[in-house]
Amino acid sequence: MTTTPRRATGRPRGFDADEALDRALLVFWRQGYEGASLANLTEAMGISTASMYATFGNKEQLFRRALERYDEGPSAYVPLALAEPTALDVARALLAGTIRTTTRPDQPLGCLGVQGALATGDAGREVRALLVDWRKNGFARIRERFERALAEGDLPAGTDPALLARYIAVLQQGIAVEAAGGVDPAELQELADAALRTWPLP
């Protein structure tokens, strides 16, 4: 008695998980978490829904992986900016990096951390909370760097590092929103330059 071989299921031949994740990142970045359907994601990734679940988990888990990827790639300017020698240099590098990342012609406009949370309803509460924590972490890193600057005398006595960090974080988010709306990078840079003209110097 012969049996018919079972058809193989799962990942397609030649499947590259890193490339698939990069493609999912672009979908989330362009459409937001809620706007990115499973059909959109699997089509862009070139895999079946079953393969997506087997490799990355559900949509929320895939988004978490995509956000990590965003930190490692487009947002990798942040640790470099925080390593700049002065607080003013840090602020300049953070704003310049935000402008560069949110306006590149070869990728979606805006910021995944901002775009990803747009119109997120009850089904996306966990992702909304994730992105709130992601932004809080970004703020905390800037605040800690400015606290160090204050301790080292790089900022004048009486400067509030937390307020200064919030100022930069809000500028970054505002730039990302304006970039998503198509504002020219040169105009955004003029805005960033103007915002730093009153920077507190020791």
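In which helix is the place of Tyr-77? Tyr-77 sits in helix H5, in a model that is predicted, where local features need pLDDT of at least 70, side-chain atom pairs count only at pLDDT 80 or more, and totals for chains, interfaces and linings use all residues. Residues are numbered from 1 along each chain as its sequence is written, and side-chain values use heavy atoms, with hydrogens and water left out.

The protein chain has 10 helices and 0 strands; helices (H or I, at least four residues) and strands (E, at least two) are DSSP runs numbered from the N terminus. Of its 202 residues, 42% count as buried, where buried means under 20% relative accessible area, exposed over 50%, and partly exposed in between (1.4 Å probe, protein chains only). A contact means heavy atoms within 4.5 Å. Among contacts between residues at least 6 apart in sequence, 65% join residues at least 24 apart.

Tyr-77 counts as buried because its relative accessibility is 15%. Not counting residues up to four places away in sequence, Tyr-77 touches Ala-93, Leu-94, Gly-97, Thr-98, Arg-100, Thr-101 and Gln-172.

Ser-75 is found in the loop between H4 and H5. Ser-75 is buried, because its relative accessible area is 9%. Leaving aside neighbours within four places in sequence, Ser-75 is in contact with Tyr-70 and Trp-134.

The largest pocket holds about 430 Å³ of space. On a 1 Å grid over the protein atoms alone, a cavity is a set of points where a 1.4 Å probe fits but cannot get out, and a pocket is an open set with protein on both sides within 12 Å along at least five of seven lines; lining residues have an atom within 4 Å of a point. Grid points are joined across faces, edges and corners, and the volume is the space filled by probe spheres set on the points. Of the 23 lining residues, Ser-75, Val-78, Trp-134, Gly-138 and Gln-172 are the closest to the centre of the pocket. Helices H4 (59-72), H5 (77-82), H6 (87-103), H8 (125-151) and H9 (161-180) each supply at least two residues of the lining, and H8 gives the most, with 7. By class, the lining has 12 nonpolar, 8 polar and 3 charged residues; Ala, Val, Leu, Ile, Met, Phe, Trp, Tyr, Cys and Pro count as nonpolar, Asp, Glu, Lys and Arg as charged, and the others, Gly among them, as polar.

H6 and H8 pack at an angle of about 155°, with their axes 10 Å apart. Axes are lines fitted to C-alpha atoms, for helices over the stretch in contact, and angles run from 0 to 180 degrees between N-to-C directions. H6 is therefore roughly antiparallel to H8, since angles under 35 degrees count as roughly parallel, over 145 as roughly antiparallel, 65 to 115 as roughly perpendicular and the rest as oblique. Ala-87, Val-90 and Leu-94 of H6 meet Ile-142, Arg-145, Phe-146 and Ala-149 of H8. This contact has 6 nonpolar, no polar and 1 charged residues.

Thr-102 is also placed in H6. Thr-102 counts as buried because its relative accessibility is 1%.
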